[in-house]
Amino acid sequence: MNAEIVLLPGDGIGPGVIDQAERVLAAVADQYAHNFSLSRELIGGIAIDKLGVALPGQTLEACLASDAVLLGAVGGPKWDDPSAAVRPEQGLLSIRAEMGLFANLRPIAVFPQLADASPLRPELMTGVDILFVRELTGGIYFGEQKQAPHTSGHIAHSTMTYTTGEIERIVRVAADAARLRRGHLTSVDKANVLEVSRLWRRTAAAVVGSEYPDLDYDVVLVDAMAMHLISRPSSFDVVVTGNLFGDILTDLGSMMTGSLGMLPSASLGDSGPGLFEPIHGSAPDIAGQDVANPLATILAAAMLLRHGLGLELEATAVEAAVSTVLDHGLRTADIASGDEPIVGTAAMASAVLEAL
Ligand code: IPM
Ligand code: MG
C-alpha cells in the first residue's frame with residue numbers, strides 16, 4: 001500500500017519518541033512491502049517559536065491531505081504563561097476541530113509484565129481492559145467562553161454544550177467498538193445536575209435502545225465512575241463520555257497501568273485521516289536525554305496502522321513486538337520496578353525493531 005504519513009514531533013520529548021516510532025514504521029513498510037512516505041510538520045510551542053502560531057496553515061494542509069498523522073506531544077514551561085496570546089495546546093485543539101476528529105479512542109489495558117508498576121493492588125488489575133471513547137470536538141472545550149468585569153472583580157463563563165447529533169455519533173462509535181469487544185457499554189454523565197448531561201443520557205439511551213439492543217448497556221455518574229475505576233476497573237469494557245469528563249477519567253485510568261508511557265490514543269472523524277498520539281505530554285524535564293519511554297508512541301503507530309490504514313496484521317505485529325521486549329525484561333525508567341536493567345529511548349525502540 002502507498003500511504004502519506006505526516007509526523008508532528010512537537011515539543012519536549014515529542015521529537016525523541018517520534019524518531020523512534022518513525023523507525024518502526026519504516027521497518028513495517030520494509031517488511032510488508034508498503035510504501036510509506038513520511039514528512040514532518042510543525043505544531044505546538046516549536047511552531048509558535050518559528051511561525052508565531054500553534055497550528056501553521058501548512059501543517060493543517062499537509063495533515064488534511066495525508067492518510068494519517070502521528071503526533072508526539074505539545075507544550076512546555078517556556079510557553080506556559082497563562083496570559084500569553086498563543087499557547088501550544090491551541091495547536092492540538094485546533095487540529096482536532098479542523099480535522100473533525102470527534103472520536104478519541106483511549107484503550108487502557110494492563111500489560112501483565114508490568115503488573116508491579118501499577119499503584120493498585122495486582123489482584124484489582126487482573127483483566128483490566130477498557131476502551132475509553134471520549135467526545136473530542138464539543139462540550140465545554142469548544143463552547144462559548146468569556147470574561148467580564150463584575151462588582152467583585154471579574155466573572156468568567158465556560159459553556160458546556162452538546163447537540164443531539166454530536167451525542168449520537170460518538171455513542172455509535174463506542175457502541176460499534178463494544179460489539180467487537182465484550183459487548184458492554186457504559187455511558188458516563190452528570191445528569192443529576194447538568195442539563196447537557198440529561199440530553200446526553202436521553203440521546204445515548206435512544207441510540208442504544210433502537211440500534212444496539214444487543215449490548216449490555218449502563219449509565220454511571222462521573223463522580224461515581226472515578227470511584228468505580230479504582231475499586232473495580234475490570235468490570236468495564238467500553239466507556240463513552242464527553243470531552244471534559246473523558247479528559248479527566250482517562251488520566252485516572254492511565255495511571256492504573258503504572259505509566260502514561262505505555263498508552264496510545266487515536267482521534268478519528270467520519271472520514272479523512274485520523275490523528276494518533278501517545279497519551280502522555282511533552283515531559284520537558286526529561287526532553288532530549290534519551291530516557292523517555294517510546295512505547296506509547298510506537299503503540300500509537302500500531303493504532304495508526306490499524307485504524308488509519310486498515311493494516312490489522314501489521315498493527316498486531318508491532319503490538320506483539322512490544323509485548324516481547326517487555327517479556328525480555330527491557331524497561332525504560334518509568335516502568336522499571338527495580339531488578340531489571342534500565343534502557344534508554346533509542347535502545348528500547350531498537351529492541352522492538354529486533355522483535356519485529
Ligand atoms: C489530552 C490533553 C489535552 C486535552 C490538552 C493538552 C489540551 O490533556 O489530550 O487529554 O485536554 O484534551
Ligand atoms: Mg488530558
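This is a predicted model: local features need pLDDT of at least 70, side-chain atom pairs count only at pLDDT 80 or more; totals for chains, interfaces and linings use all residues.
Residues are numbered from 1 along each chain as its sequence is written, chains are lettered from A and ligands numbered from 1 in the order in which they are written, and side-chain values use heavy atoms, with hydrogens and water left out.

**Largest pocket**

- The largest pocket holds about 730 Å³ of space, and among the 25 residues that line it, P107, L131, M303, R306 and H307 are the closest to its centre.
- A pocket here is an open set of points, on a 1 Å grid over the protein atoms alone, with protein on both sides within 12 Å along at least five of seven lines, and lining residues have an atom within 4 Å of a point; a volume is the space filled by probe spheres set on the points, which are joined across faces, edges and corners.
- At least two lining residues come from each of β4 (103–109), β5 (129–135), α6 (164–180), β11 (264–268) and α10 (295–308), and α6 gives the most, with five residues; helices (H or I, at least four residues) and strands (E, at least two) are DSSP runs numbered from the N terminus.
- The lining of the largest pocket has 16 nonpolar, two polar and seven charged residues, where Ala, Val, Leu, Ile, Met, Phe, Trp, Tyr, Cys and Pro count as nonpolar, Asp, Glu, Lys and Arg as charged, and the others, Gly among them, as polar.
- Domain 1 (1–110 + 265–356) and domain 2 (129–147 + 154–255) each supply at least three residues of this lining, with domain bounds taken from an automatic or database domain assignment.

**Second largest pocket**

- The second largest pocket has a volume of about 510 Å³ and is lined by 24 residues, of which L92, R96, D247, I279 and G281 lie nearest its centre.
- Its lining takes at least two residues from each of β3 (68–73), α4 (88–98), α9 (243–256) and β12 (274–278), and the largest share, four residues, comes from α4.
- Because domain 1 and domain 2 both give residues to the lining, the second largest pocket lies between them.

**Ligand 1**

- Around ligand 1 are E89, R96, R106, R134, Y141 and D247, each with a heavy atom within 4 Å of it.
- Oxygen atoms of ligand 1 lie 2.8 Å from a polar side-chain atom of R134, 2.6 Å from an N or O atom in the side chain of Y141 and 2.9 Å from an N or O atom in the side chain of D247.
- Taken alone, ligand 1 exposes 320 Å², of which the protein buries 74%, with areas from the Shrake-Rupley method and a 1.4 Å probe.

**Cavity**

- One cavity of 30 Å³ or more is found in the whole structure, a cavity being a set of grid points where a 1.4 Å probe fits but cannot get out.
- The largest cavity has a volume of about 80 Å³, and of its 13 lining residues M160, Y162, W200, G242 and F245 are the closest to its centre.
- Two or more residues of the cavity lining come from each of β8 (184–189), α7 (195–211) and α9.

Technical notes
A polar contact is a pair of N or O atoms within 3.5 Å; within protein, one must be able to donate a hydrogen and the other to accept it, and residues adjacent in sequence count only if both atoms are side-chain atoms.
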